[in-house]
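Student: I would like to go through this model with you. Please show me the sequence and structure.

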Amino acid sequence: MNNNDKKKNFYLITAFVILASLFLFIFFNGATKEKDENQEKLPFFLWEPEKVNPENLLTSYFGNKTDFFSEKKISDLDNDGKEEIIVLASEKEGEVINSFIFVIGPDEAGNPEVRSYLNIGKSVEDKGFILGLISNPHFISLEDLNGDRKQELILYTGEAGAYISGIGVFIYNNNKLDWAMLEDYKNMVVPAIFQEGASVRHSLSFKTMTEEKSLAQISGESDAEENWQWVCQAYQWNGEYFKYSKEVSDICYETITK
Ligand SMILES: [Ca+2]
Ligand SMILES: [Ca+2]
């Protein structure tokens, strides 16, 4: 090995050592940063919705009302990677039954907090409608009806006399729960509630049409000659609310009669 070769080797080794040091520095620096970020996120790992007792939280939220009967589901409603607890609860106030939907999520420390709640009956009245059919609500499903990857809540909103029962659709968006609204064929924008029963409509069923971003109610009706026929009314998401669509109603009708 001549002097030139030795020099060349020296430079190569030096360059290698510098590069290796640089690589190790970047690698460990990055790892430390990642660890710091994990530590900042730590409270969310403490959020264990299945261990939360919502009844305790809601009792303290509403004072000493202890006559809640409730149903709950755990699901990531708003698709942000963290699950929420959805609770249905009712309380009797004299002859009146107040029914609520609660959405509970983690606060910054990972403790449960009520994100939003809705008094089902009162919120309808606040919108200028009267709805006398609210009793003990139950879950039907949580699913994305309008294609924004966030789940809507589809609930039985309770039963009343004359074999009447109702189905309500609710939207949870930006930490706020509210009725999904729909525009009917008379161009009235109303809370999305579908009623079934002897004095309303017969054989109602509720159909979700994911591909059309629509929901539909299917009912049976007798025409003037007492001929039984199926009727399909479909409402398609227009970015703001579900709007009656003749076209989607026809698609709905085809799927149930073919
Ligand atoms: Ca969530
Ligand atoms: Ca949705």
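Tutor: Helix H4 (residues 246-257) has 12 residues and spans 16 Å from first to last C-alpha, close to the 16 Å expected at 1.5 Å a residue. The expected span is 1.5 Å times one less than the number of residues. This is a predicted model; local features need pLDDT of at least 70, side-chain atom pairs count only at pLDDT 80 or more, and totals for chains, interfaces and linings use all residues. Residues are numbered from 1 along each chain as its sequence is written, while chains are lettered from A and ligands numbered from 1 in the order in which they are written.

Student: Which residues of H4 are buried?

Tutor: Val 248, Ser 249 and Cys 252. Buried means 20 or more other C-beta atoms within 10 Å of a residue's own; exposed means 12 or fewer, partly exposed in between, with C-beta atoms placed from the backbone.

Student: How do you know on which side of H4 they lie?

Tutor: They cover an arc of only 105° around the axis, so they sit on the same side of H4. The face turned away carries exposed residues Lys 246, Glu 247, Asp 250, Glu 254 and Thr 257.

Student: How much of the protein chain counts as buried?

Tutor: 27% of its 258 residues.

Methods. Helices (H or I, at least four residues) and strands (E, at least two) are DSSP runs, numbered from the N terminus. The arc is that of the directions from the helix axis to the C-beta atoms.
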